[in-house]
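Let's take a walk through a protein chain together.

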Amino acid sequence: MAAREERAVEESLLPETADGLRRLVRRSMHRPPPWMPDFVLDDFIKLMCVVQRKERAELLHELLKNGAGIDPLPVLTQKTLILWGDKDQVFPLDLGHRLQRHLGDVSRLEIIKDAGHALQLEGADQVNRFIKSFLLDS
């Protein structure tokens, strides 16, 4: 994603400006808010992107270079709920299907229509309904 936009990974995922955070929100949501005031975005950046920025950037580079250190991803034995937005631009839907196949019969993939990566913001009612159903069925 960062390469496609010709940006450094930390510039894309750890924005320092309101415009940078707007780009990240637009990338993460299928229906981003039409207007976000700079002062709100600046406060969010101060809260989430400034503290330990250097360490977070190093972690991002390490993950891209060497992966998460889990090769291959372990198969879980407990029941697992996977929630995925059908318009996710960060992790395409195909990855959700691959994850579900990898985890097998103990996993349940629920796809939230017209939602991007920020499911809890774009499809909160559906997310809550799927979680409640999953917990009650377990």
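Start with helix H2 (residues 18–28): eight of its eleven residues are buried, so H2 is largely enclosed by the rest of the structure. Here, buried means under 20% relative accessible area, exposed means over 50%, and partly exposed is in between (1.4 Å probe, protein chains only). Helices are DSSP runs of H or I with at least four residues, strands are runs of E with at least two, and both are numbered from the N terminus. The buried residues in H2 are Ala18, Gly20, Leu21, Arg22, Leu24, Val25, Arg27 and Ser28. What sits over them? The cover includes helix H1 (9–13), H3 and helix H6 (119–122), where a contact means heavy atoms within 4.5 Å.

A quick word on what you're looking at: this is a predicted model, in which local features need pLDDT of at least 70 and side-chain atom pairs count only at pLDDT 80 or more, while totals for chains, interfaces and linings use all residues. Residues are numbered from 1 along each chain as its sequence is written, and side-chain values use heavy atoms, with hydrogens and water left out.

Now zoom out. The protein chain has seven helices and two strands, and from the N terminus on they come in the order α-α-α-α-β-α-β-α-α. Of the 138 residues in the chain, 30% are buried. Among contacts between residues at least 6 apart in sequence, 63% join residues at least 24 apart.

Next, find the two strands. S1 (residues 80–85) and S2 (residues 107–112) run parallel and are joined by six bridges; strands count as paired if DSSP finds at least two bridges between them. To get from S1 to S2, the chain passes through helix H5 (residues 93–103), and this β-α-β crossover is right-handed. That means that, with the strands pointing away from you, the path from the first strand over the helix to the second runs clockwise.

Is Ser107 buried or exposed? Ser107 counts as buried because its relative accessibility is 8%. Leaving out residues up to four places away in sequence, Ser107 touches Thr80, Ile82 and Gln100. Ser107 and Thr77 are 30 residues apart in sequence, with their C-alpha atoms 9.1 Å apart in space.

Finally, visit helix H3 (residues 38–48), where you'll find Met48. Met48 is partly exposed, with a relative accessible area of 37%.
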